[in-house]
Amino acid sequence: MDRKIYITRRLPDEIVAKLSKYFLVEMWEKEDTPVPRSILEEKVKEVDGLFCLLTEAIDRELLDQAKNLKVISNMAVGYNNIDINYATQKGIMVTNTPGVLTETTADLTFSLLMATSRRLLEADQFLRQGKWKTWSPFLLTGQDVFGSTLGIIGLGQIGKAVARRAKGFNMEVLYYNRSRKFDAEQELGIHYTEFEDILRQSDFLCILVPFTKDTENLISRKQFSLMKDNAVLVNTSRGGVVNEDELYNALVNGDIWAAGLDVFNQEPTSIDHPLISLNNVITLPHIGSASYGTRMRMAYLNTENLIRSLAGDKPVHLVNEELSN
Ligand code: DGY
């Protein structure tokens, strides 16, 4: 048992116990705070494996310090916090945790869509602040979900799971993706739509693409100008896919009607962020996959990826597939 791993956040005992059967384990113990960069830089020098989260930047500078590192296991489906090309160049495997969080994240995406369209948070505040004086014909009126048109940008597993939920609401479901998914079209009765057309036609637009150089600021001023003025934007992917300044302008100018955001460019976001000042925005602290069961499944899958990789076996989910031989 001479392999060393470092865990960058305090995890439940059962996960640490499992990892300790295979490795010499060190963990950043301080209750729910990200490991300071200086400590991570020290630790990465010694270890064979890293169990990390999306809060750690695993960049070129960090990877240059790592002498023995063979695997980085990221407890997330997204891996934009890791310089994948450089890790691959250095022969370091990167693993992630797709699949186990699909339904939970789709649930949250759909919840945010509904809460935004029917102004649930505003209504709750209205009542708590003692403003409810009478039933009123147009009080807190929102947008209908049932029978409307949903555009999904990025038809991965979560996108498909959102489409299934939308079908239960009799929604017309359009999607845009880099490649067409003919099987999904057949199975779910959804329609491939060119990028600008999906912006023009959707009442609800769900952003579910990974964050890459190609998707950075994918939704910006021009895209907002094409959207319906009653449209609701829901982003549960990564903040950088939507240009936040332009989103603010679009919401203030009435180019779109509202937004539901689980993710921000800078996380944690400051409460002084201009988007938070708007009533037609619902904000969440990146909780898409946050059910207890799913977070445990993600932690176990990450553990499995780490164990397999360091045993010389193929991990369950390898990001840099080119290292699989
Ligand atoms: C991910 O997995 O990438 C989410 O953002 C957190 O679950």
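This is a predicted model: local features need pLDDT of at least 70, side-chain atom pairs count only at pLDDT 80 or more; totals for chains, interfaces and linings use all residues.
**Exercise 1. Check the length of helix α5, residues 102-117.**

Step 1. Count the residues: helix α5 has 16.
Step 2. At 1.5 Å a residue, α5 should span 22 Å.
Step 3. Compare with the model. The end C-alpha atoms of α5 are 23 Å apart, which agrees.
Step 4. Look just past the helix. Arg-119 follows α5, and its phi is positive, near 55°.

**Exercise 2. Decide whether α5 is mostly covered or mostly open.**

Step 1. Recall the cut-off: buried means under 20% relative accessible area.
Step 2. List buried residues of α5. Among them are Thr-102, Ala-106, Leu-108, Phe-110, Leu-113 and Ser-117.
Step 3. Use the count. In α5, 12 of 16 residues are buried, and the helix is mostly covered.

**Exercise 3. Describe the surroundings of the ligand.**

Step 1. Name the shell. Leu-54, Ala-76, Val-77, Gly-78, Leu-101, Arg-238, His-286, Ser-289 and Met-298 surround the ligand.
Step 2. Sort the shell by class. It holds 5 nonpolar, 3 polar and 1 charged residues.
Step 3. Find backbone contacts. An N or O atom in the backbone of Val-77 lies 2.7 Å from a ligand oxygen. For Gly-78, a polar backbone atom is 2.8 Å from an oxygen atom of the ligand.
Step 4. Find a side-chain contact. Arg-238 places a side-chain N or O atom 2.7 Å from a ligand oxygen.
Step 5. Judge the cover. Alone, the ligand exposes 230 Å², and the protein buries 89% of that.

Key
Residues are numbered from 1 along each chain as its sequence is written. Side-chain values use heavy atoms; hydrogens and water are left out. Helices (H or I, at least four residues) and strands (E, at least two) are DSSP runs, numbered from the N terminus. The expected span of a helix is 1.5 Å times one less than its number of residues. Buried means under 20% relative accessible area, exposed over 50%, partly exposed in between (1.4 Å probe, protein chains only). A residue is near a molecule or strand if one of its heavy atoms lies within 4 Å of it. A polar contact is a pair of N or O atoms within 3.5 Å; within protein, one must be able to donate a hydrogen and the other to accept it, and residues adjacent in sequence count only if both atoms are side-chain atoms. Accessible areas come from the Shrake-Rupley method with a 1.4 Å probe; for residues, only the protein chains shown count as cover. Ala, Val, Leu, Ile, Met, Phe, Trp, Tyr, Cys and Pro count as nonpolar, Asp, Glu, Lys and Arg as charged, and the others, Gly among them, as polar.
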